[in-house]
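Have a look at the protein below, and take your time turning it around. Then we'll walk through it together.

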Amino acid sequence: MNYTIGQVAAINELSISQLRYYDKQGLLPFLKRTEKGDRVFEEDSLKLLEMILCLKETGMPIREIKQFVDWCMDGNETIPQRLEMMKQQEIHLLQQIQRTKENLTKIQQKIARLECEQKENQ
């Protein structure tokens, strides 16, 4: 099944201009075009777009996402590079989760102190 850029934008809660930007950045080289030049997304395109959006959401820079996409387009011989990139991103995310947990603990401690102070002042 094929999807228009508008349909894909709606499915992924993106704007059409965001998808066009990603295309201009070289993140969507797998897209086909109609005779009129409209972008066409196929099922496989949606899966790769989902991965691109995941990487973006986890803080990976556009240039690194482009490298990942380029490796995907190059085929199976780039699996080792893609695997290493995903492992590095996993490490990055685990560190980010740890920092977030530490910050959450600090905020929860501050809430508890403020609630105690509020009770004392009533």
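This is a predicted model: local features need pLDDT of at least 70, side-chain atom pairs count only at pLDDT 80 or more; totals for chains, interfaces and linings use all residues.

Residues are numbered from 1 along each chain as its sequence is written, and side-chain values use heavy atoms, with hydrogens and water left out.

**Overall build**

You'll find five helices and three strands, and along the sequence they follow the pattern β-α-α-β-β-α-α-α. Helices (H or I, at least four residues) and strands (E, at least two) are DSSP runs, numbered from the N terminus. The radius of gyration is 21 Å, whereas a compact globule of 122 residues would have one near 14 Å. That value is taken over C-alpha atoms, and the globule rule is 2.2 Å times the number of residues to the power 0.38. Along the principal axes, the C-alpha atoms fill a box of roughly 75 × 35 × 25 Å.

The three strands make an open, antiparallel sheet in the order 1-3-2. Strand 1 (3–4) and strand 2 (32–33) are the edge strands, as each pairs on one side only. Two strands pair if DSSP finds at least two bridges between them. Strand 1 and strand 3 (residues 39–41) pair over two bridges, and Y3 has F41 in strand 3 as its bridge partner.

Buried means under 20% relative accessible area, exposed over 50%, and partly exposed in between (1.4 Å probe, protein chains only).

| Residue | Relative accessible area | State |
|---|---|---|
| S45 | 5% | buried |
| E13 | 73% | exposed |

S45 is in helix 3 (residues 43–57). Leaving aside neighbours within four places in sequence, S45 is in contact (heavy atoms within 4.5 Å) with F30 and L31. E13, on the other hand, is found in the loop between helix 1 (5–11) and helix 2 (16–24). E13 has a positive phi of about 55°, although it isn't a glycine.
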